[in-house]
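Hello,

Here is the structure I promised to pass on to you. Have a look at it first, and then read on for my notes on what turned up.

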Amino acid sequence: MGTNKNESVTILAIESSCDDTSAAIVKDGIVLSNVIASQKVHEQFGGVVPELASRSHQENIVPVIDVAIKNAGISKEDISAVGFTRGPGLLGSLLVGTSFAKGYALSKNIPLIEVNHLQAHVLASFIQEPNENVAMPKFPFLCLLVSGGHTQIIIVRDYLEMEIIGETIDDAAGEAFDKCAKVLGLPYPGGPVVDREAAKGNQLAFSFAKPKIPNLGFSFSGLKTSFLYLLRDKLVVNPNFIEENTSDLCASLQKTIVDILIDKLVKASKETGITEIVIGGGVSANSGLRNAILATGDKRGWNTYLPKLKYTTDNAAMIGITAYFKYLKGEFSSQEISPLARY
Ligand code: KG4
Ligand code: ZN
C-alpha cells in the first residue's frame, strides 16, 4: 500500500447514502467519470422508501461501477484506493456502498477511505474535469451547505479542517422545498419542480413568516406552517387556488427560503471577515439561490464559487475528490469500519 506522493493516484469512489447510486473515477484530483443511477421507484410514494432504496442500490452498484471504470478509460488494475460514503444517510443504503467498498479494497489489497458525505458536498467546488481550469476557493472560506437533510454554515480552514458555525434547529432548506411542494401536489423531490415553476411566477405575490433565530442558526418549520395556513385560508374561498397560483406560490416560497439563507450567510461573512464564499448540497442547484449568491457577492466584494449543477446533488465525484485529499494525508480506514446513519 504505497502512498508515494509522486506516483499517480486513481480513486474509485462510491456514493450510496440516499436514493442515488453513484460511482466515479478520480485521477490525481481530476474527475474522469461520474455515473449516477437515480432511483425512480420512490416517486409514486412521494418520498424515499429506505427498504426499496437499499434494494435498488444492490441492483445498481455493480453496473454503475463498471460503467464508471469504462467511461474513465482505465482498467481495474489502475485503481489505487476505494473511497466510499460512510454517512450520514440511510443505514441500509450506506451498507451497500460500504460493503462493496470494503470487499473491493480487500480483494485488490488497496487502501479503503471513508468519506463524510457532508464534507464531500463542501468540497464539490474543487471538482475539476480533464482540460479544465476551475477557479478554486482559497482557505479559509465559508460554505453554505444546503441539502435535503442539512443546512449549515461552515468555516473551512483546509480541505479536511471544517467547523460548523451555524445550523438549522429543525427542518433543512431542502425539506422546506420538498414539504411545501408536496402540499401543492407536486412530485418528489419538490425542490427542482419549485425552481422551474418559480421562474414563471411573481416572487412578491405572497409573503410568509420568516424565523427570528439568533446567531447563525436556521429554522424552516415556521415557514412550512405559514405556507400551509395560507393555503388553508385561500382554499376556503377558492377551491382552485393552488392550480391557479402554483407559479406565484413557488416563486414566493423560493424567495423566502433564499432570503433566509442569504441573510445568515451575510451575517456569517461580517462576523468572520471571510469573503471567500462557497455553496454546496442539492439546494445549491436552485437558480434563485445561485443568482442571489452572485448578486450579493457582487455587492459585498465576495469571491463566490458555485459547483457545477451536476455536482450539487448527490454524486460520487465529490466523494472521490474528498477521498483524494484524504489519500494524500494517509487517512485510511480499517476493514472493521461500519456505516454511520449520523456522522
Ligand atoms: O444533496 P442532496 O442531493 O441530498 C442530500 O444529501 O440530502 O439534496 C437533495 C435536496 C432535496 O431536498 C431536493 O429537493 C433539493 O436538494 N434540490 C433542490 C433543487 N435541486 C435539488 N432544491 C431547490 N431547487 C433545486 N433546483
Ligand atoms: Zn447529499
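**What I found around the ligand and along the chain**

Let me begin with a contact at the ligand: a nitrogen atom of ligand 1 has a polar side-chain atom of N286 at 3.0 Å. Please keep in mind as you read that this is a predicted model.

Two further contacts to ligand 1 come from the backbone. A polar backbone atom of D314 lies 3.1 Å from an oxygen atom of the ligand, and a polar backbone atom of G191 lies 3.2 Å from an oxygen atom of the ligand. On its own, ligand 1 has 550 Å² of accessible area, and the protein covers 87% of that.

Where does ligand 1 sit? Its place is in the largest pocket. The ligand is surrounded by 19 residues, and N286 is again among the closest, together with G148, D178, D195 and G282. Sorted by class, that shell holds 11 polar residues, five nonpolar ones and three charged ones. If you want to find the shell by secondary structure, look at α3 (117–122), α4 (173–183) and α5 (190–198), as each of these supplies at least two of its residues.

Next, some backbone geometry. Most peptide bonds are trans. You will find P88 in the loop between β4 (81–87) and α2 (91–108).

**Two positive phi angles**

Most residues other than glycine have a negative phi. D28 is not a glycine, yet its phi is positive, at about 50°. D28 lies in the loop between β2 (20–27) and β3 (30–38). With a relative accessibility of 35%, D28 is partly exposed, because that value falls between the 20% and 50% cut-offs.

N109 also has a positive phi without being a glycine, with a value near 55°. The loop that holds N109 runs between α2 and β5 (112–116). Is N109 buried or exposed? N109 is exposed, since its relative accessible area is 54% and the cut-off is over 50%.

T256 is part of helix α7, which spans residues 241–272. Its relative accessible area is 6%, so T256 counts as buried, the cut-off being under 20%.

**Pairs of residues apart in sequence**

- L216 is in the loop between α5 and α6 (221–237). At 7% relative accessibility, L216 is buried. L216 and G166 are 50 residues apart along the chain, and their C-alpha atoms are separated by 4.5 Å.
- G92 belongs to helix α2 and is partly exposed, with 33% relative accessibility. Along the chain, G92 and A341 are 249 residues apart, while 9.0 Å separates their C-alpha atoms.
- K299 is in helix α8 (residues 287–300). K299 is exposed, with a relative accessible area of 69%. Between K299 and M136, the separation is 163 residues in sequence and 20 Å in space, C-alpha to C-alpha.
- A209 is in the loop between α5 and α6. Its relative accessible area of 39% makes A209 partly exposed. From A209 to G148, the separation is 61 residues in sequence and 21 Å from C-alpha to C-alpha.

Best wishes

Methods. Residues numbered from 1 in each chain as written. Chains lettered and ligands numbered in written order. Predicted model: local features only at pLDDT ≥ 70, side-chain atom pairs only at ≥ 80, totals over all residues. Heavy atoms only, no water. Near = heavy atom within 4 Å. Polar contact = N/O pair within 3.5 Å; in protein donor to acceptor, adjacent residues only side chain to side chain. Areas by Shrake-Rupley, 256 points an atom, 1.4 Å probe, with all protein chains shown as cover. 1 Å grid on protein atoms, 1.4 Å probe; cavity = no way out; pocket = protein on both sides within 12 Å on 5 of 7 lines; lining within 4 Å. Sits in = over half its atoms within 2 Å of the grid points. Helix = DSSP H or I, 4+ residues; strand = E, 2+ residues; numbered from the N terminus. Nonpolar A, V, L, I, M, F, W, Y, C, P; charged D, E, K, R; others polar. Buried < 20%, exposed > 50% of the residue type's maximum accessible area, 1.4 Å probe, protein only.
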